[in-house]
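Reader: I have the sequence and the model open side by side. Can you walk me through a few local features?

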Amino acid sequence: MVLKYYQLILGCQMNKSDAERVASFLESIGFVQTFDEKEANLICAQACSVRQSAVDRIKGRVDRWRAEQKRRPASNFLMTALTGCVLPADRKIFEKQFDLVCETNHLRQELVQRINGLTTVPTKRLAGKNSVEITDDDFFALAPKYSSKFRSYIPIQTGCNNFCTYCAVPYTKGPEQYRPYTKIVQEVKNLVKQGYKEITLLGQNVNTYCDQVKSQKVQFADLLKLINDIHGDFWIRFISSNPWDMSDEIIKAVAECQKVCEYVHLPLQSGSDKILKKMNRRYSQKEYLTLVDKIRAQIPNVAVTCDIIVGFPCETEKDFLETAKVMEKVKFDMAYIARYSPRPGTVAARFMKDNVSTKEKKRRERELERILRQSALERNQEYVGREVEALVEKVKSNPPTAEKVKSSSQKSKVLFGKTRTFKTVKLMSDRDLTGQIIKVKITKIREFGLEG
């Protein structure tokens with residue numbers, strides 16, 4: 001019997017990175033991946049309790065999986081497992097619906113025990129000339145099954161110490177922990193040797209990264225420099241950053257390291273000092289604006305993006321207008337705008353009344369989107385006529401049109417990629433250049449994209 005697994009991956013890039021290591025583990029014990037959940041003997045969901053929409057997606061599918069379990073004969077078992085970011089309140093609900101709910105780094109031991117009780121097909125032990133004994137405390141030592149052949153996400157830090165009042169991460173991921181810098185550098189070296197072109201360093205708060213080795217302290221700026229010094233043609237990105245931890249040393253490292261992309265994601269959340277204080281965000285509007293000015297002064301052509309929450313408890317129209325004012329001043333290249341929804345167990349959910357109506361949240365969201373469209377278009381205007389580098393992500397065939405068939409001038413493929421500043425770019429070509437860094441001359445722009 002061939003055991004098959006299916007993954008449902010929700011949430012941030014950290015969850016996607018964790019899921020790659022889960023996939024590697026499952027294949028090491030004899031499972032084969034399937035993209036059809038009806039074929040699966042194991043369905044492993046990578047949860048995200050940060051957003052209610054992600055929780056609702058799991059709830060909407062788990063009933064279907066349980067019904068399928070009842071239909072299956074014992075010889076073709078189906079097991080369900082849930083890992084990832086799971087709040088205690090959600091865990092209590094899901095433990096009644098899933099066969100296994102556990103922390104990602106505990107999944108291996110618990111999963112093997114459960115599976116061995118369900119099937120006579122023995123799961124293989126980790127074996128082979130390149131394998132190592134992996135403890136539950138060292139989940140990151142497991143080599144991931146990368147979902148891309150040219151782009152990879154490398155976790156350098158997990159957990160968060162900040163306890164923003166709306167955020168579930170400290171309750172699902174625990175306090176900040178950092179991977180040894182030597183293991184991060186070695187993982188990057190291995191990927192570069194395999195031809196990977198983009199490395200993204202991941203963490204809930206990458207800025208605070210620190211690895212203390214005897215008398216040597218390696219902080220995030222040092223880590224960027226170490227990776228930048230690795231021989232090869234590749235880009236470096238990182239997410240996410242907290243404004244109050246974006247030091248002068250980090251800004252200088254981004255500016256000076258040739259392989260680090262000119263892209264900084266700097267969550268704003270609100271432009272109101274009153275709301276920032278209620279959110280437990282440790283900066284003011286003025287401090288945020290000063291920081292953006294400093295970043296733009298030191299990193300030429302940098303793209304700055306942010307996260308914003310509208311309708312936080314007690315957010316008045318005056319507070320909202322402060323956020324709109326910051327958006328108009330900064331002119332973000334992109335902003336990820338979300339309507340506030342209380343997450344169980346967080347300070348905001350426990351002690352603050354969700355007193356902004358859904359209708360008003362939607363109105364405020366639309367207004368910020370209007371400002372964003374204007375600023376994004378204005379920022380993109382600067383690219384017209386410029387030659388930029390782009391990493392090609394995918395290719396589509398270009399259906400011929402009657403006019404261009406006659407002239408024989410139509411390119412056969414449409415390529416899509418990302419610039420160093422994380423702008424989507426579209427161009428025509430006769431070749432599939434997926435996974436390659438190419439030069440593109442920009443000829444047209446849209447609000448959220450470039451053409452060349």
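Reader: Where does Gln-269 sit?

Author: Gln-269 is in the loop between β13 (263–265) and α9 (273–278). Helices here are DSSP runs of H or I with at least four residues, strands are runs of E with at least two, and both are numbered from the N terminus. This is a predicted model, where local features need pLDDT of at least 70, side-chain atom pairs count only at pLDDT 80 or more, and totals for chains, interfaces and linings use all residues. Residues are numbered from 1 along each chain as its sequence is written, and side-chain values use heavy atoms, with hydrogens and water left out.

Reader: Is Gln-269 buried or exposed?

Author: Buried, with a relative accessible area of 7%. Buried means under 20% relative accessible area, exposed means over 50%, and partly exposed is in between (1.4 Å probe, protein chains only).

Reader: What is the phi of Gln-269?

Author: Positive, about 75 degrees, although Gln-269 is not a glycine. Lys-331 is also not a glycine and has a positive phi of about 55 degrees. Lys-331 is in the loop between α11 (317–330) and β15 (334–339), and at 31% relative accessibility it counts as partly exposed.

Reader: Which residues does a cis peptide bond join?

Author: Ile-239 and Ser-240, with omega about -5 degrees. Ser-240 belongs to the loop between β12 (235–239) and α8.

Reader: Since α8 came up, how do α7 and α8 pack?

Author: Helix α8 covers residues 248–256, and α7 and α8 pack at an angle of about 15 degrees with their axes 8 Å apart. The axes are lines fitted to C-alpha atoms, for helices over the stretch in contact, and angles run from 0 to 180 degrees between N-to-C directions. α7 and α8 are therefore roughly parallel to each other; angles under 35 degrees count as roughly parallel, over 145 as roughly antiparallel, 65 to 115 as roughly perpendicular and the rest as oblique.

Reader: Which residues in α7 and α8 meet?

Author: Phe-220, Ala-221, Leu-224 and Lys-225 in α7 meet Glu-249, Ile-250, Ala-253 and Val-254 in α8, where contact means heavy atoms within 4.5 Å. The residues of this contact are six nonpolar, no polar and two charged. Ala, Val, Leu, Ile, Met, Phe, Trp, Tyr, Cys and Pro count as nonpolar, Asp, Glu, Lys and Arg as charged, and the others, Gly among them, as polar.

Reader: And at what angle do α6 and α7 pack?

Author: About 30 degrees, with the axes of α6 (residues 181–193) and α7 (residues 220–228) 10 Å apart. That makes α6 roughly parallel to α7. Tyr-181, Ile-184, Val-185 and Val-188 in α6 meet Leu-223, Leu-226 and Ile-227 in α7. The residues of the contact of α6 with α7 are seven nonpolar, no polar and no charged.

Reader: Different topic. How many residues of α1 are buried?

Author: Twelve of the 16, so α1 is largely enclosed by the rest of the structure. Among the buried ones are Met-14, Asp-18, Arg-21 and Phe-25.

Reader: What follows α1?

Author: Gly-30, with a positive phi near 110 degrees.

Reader: Last one. What does Gln-97 touch?

Author: Val-62, Asp-63, Arg-66 and Thr-80, not counting residues up to four places away in sequence. Gln-97 lies in the loop between α3 (88–94) and β5 (100–101), and at 17% relative accessibility it counts as buried.
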